Amino acid sequence: MKNDVMNYALEAGNPYLLGAYAPTFNEIVADNLQVIGEIPKDIDGIYVRNGPNPRFEPKGHYHWFDGDAMLHAVQIQNGKAVYRNRWIRTTNFKEEEEAGECLWQGLMGRLAANMDRPWNRGVPLKDTANTAVAYHNGKLLAGWYMCGDLYSIDPITLETKGVEDFNKTLSSKAMAHVKVDERTNEMMFFDYELTGSYLAYGVIDGEGTVKHFTKVETPGPRIPHDMGITENYSILMDLPLVYDMEVMATRGRALPIFKRELPSRFGVLPRYGDGKTVRWFEGEPCYIYHVINAWEEGDEIIMDCCINPEPTPQDKLKKGASKVEKLNAYLRIEAHLHRYHFNLVTGETREYPLDDRPTEFPLMNSAYLGQKSRYAYNQHFDNSEKLRFDGLVKYDTQEQTAKIHWYGEGRFGSESPFVPREGSKEEDDGYVISFVTDERDGKSEVIILDAKNVDKEPVARILLPQRVPLGFHACWVNGDRLFS
Ligand SMILES: [Fe+2]
């Protein structure tokens, strides 16, 4: 099978299957890893990252979002590291394993050929669970960017346990970006489907049972990617980037349209609020992939995120553009750090950019999620056609300063969570961790940076025995939360 995918990649010249993106086919466990520097002994936990890694030769033109999910993880304890990688055994993955071939056309393929396959949330696409990963109630939960099943994964072995049904209390699907409040162990989630005019929202308690579920009406099908939480509220998004539903119905193609005449709308509701109690705040039209954090301050809710004021760069494509040019354009993200203030008394929104550097895939100290925070760790886009990260930007939004760690010539990083130092008291007292892959020699490593001095050399570089292809979202599971 290995050769099938790679022959396809070479023949198609598909940039998202070659070089630093090329899939890996061996599932391994490796310890006694070579380390440059020293792994700090005050780190205890697991860094895990999700991403696309096709098992079989793709059908039709491959889009980076199509690949089967593979998790890569590094467990660190007592100054030692163990690396593991495993595909997620989704329902669709197992079906394809049985068939011995890919059964689905992808995002840029001939979706009409998928019409007889089971649709996911109004979309004839394979639910791969390849997008994000979070930790809640002793389980890693991996999900998909179009809303799908959340797969329960053993955080140590990366073995797929199956579809998580939350003690049979979940009546919907869920978007990959769930939000865990580590203070209460509640997990907030949302869901949508392209056949309905609503956003669903729910709360799962620390024992893994859905305690609250409600629906918020929207003027049509909406496709938000993320949400925000504060101590008492959740923030859902109705953004003016929508799918052309006529094209979807007739050609099964997910064609995004930016309706710049519409505002961005932010629906604020109490954590356990009924959907009818939502309060809408309006902002400038944009699309938002990822929220960093939100919190309550006086009469306001403040939300930091990365916004895309022009979210459809594919509109600038010339006629006759090649498949690769189209793929690059669809994957292009032109985002910057941005702040919203939603005034709960006046109903007004105030918003402004916090920086103009092209950054996205932000993470922060997850213990502060929903509480006032100051630091964000964003990935910096390199100046190429491809979606890849050439540096990590640590933002101090209070002082309005930034420190940058450049991964180095030909080296590209992954979404980088904050790792608290054992017994840490300050928000940035710890480390930042990232997989880095060198396109020139195909080698990968894990770098550990001092969070207060990310612009300095890593405190440790853990050399890995195989390449980790570039991917999507990551999380850090701290040892004191493992199985607790
Ligand atoms: Fe995402």
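In strand S15, Ser234 is the bridge partner of Ile229. The coordinates are those of a predicted model, in which local features require pLDDT of at least 70 and side-chain atom pairs count only at pLDDT 80 or more, whereas totals for chains, interfaces and linings use all residues. Residues are numbered from 1 along each chain as its sequence is written. Strands (E, at least two residues) and helices (H or I, at least four) are DSSP runs numbered from the N terminus, and two strands are taken to pair if DSSP finds at least two bridges between them.

Strand S15 (residues 233-238) runs antiparallel to S14, to which two bridges join it. Both strands belong to an open sheet of four strands with the order S14-S15-S18-S19 and antiparallel pairing. Strand S14 (228-229) and strand S19 (279-283) are the edge strands of this sheet, each pairing on one side only.

A further open sheet consists of four strands in the order S20-S21-S22-S23, again with antiparallel pairing. Strands S20 (287-297) and S23 (349-353) each have a single partner strand, so one side of each is left without a neighbour in the sheet. From one strand to the next, the twist averages 20 degrees, where axes are lines fitted to C-alpha atoms (for helices over the stretch in contact) and angles run from 0 to 180 degrees between N-to-C directions. Five bridges connect S23 with strand S22 (residues 336-343) in the antiparallel sense. Within this pairing, Tyr340 stands opposite Glu351, and His338 has Pro353 as its bridge partner. The two strands, S22 and S23, form a hairpin with five residues between them, and Gly347 in the turn has a positive phi of about 80 degrees.

The largest nonpolar core contains 137 residues, of which Val48, Leu71, Ile88, Val133, Ala142, Ile235 and Val432 touch the most other members. Such a core is a set of buried Ala, Val, Leu, Ile, Met, Phe, Trp, Tyr and Cys residues joined through C-beta atoms within 7 Å. Beyond its neighbours within four places in sequence, Ile88 is in contact (C-beta atoms, placed from the backbone, within 7 Å) with Ala69, Leu71, Phe93, Ala129, Ala142, Tyr151, Ile153 and Thr160.

Tyr21 is located in the loop between helix H1 (2-12) and strand S1 (29-30). Tyr21 is buried, with 24 other C-beta atoms within 10 Å; a residue is buried if 20 or more such atoms lie within 10 Å of its own C-beta, exposed if 12 or fewer, and partly exposed in between, with C-beta atoms placed from the backbone. Not counting residues up to four places away in sequence, Tyr21 touches Pro15, Tyr16, Pro469 and Leu470.

Note on methods: Two residues are in contact if their C-beta atoms, placed from the backbone, lie within 7 Å.
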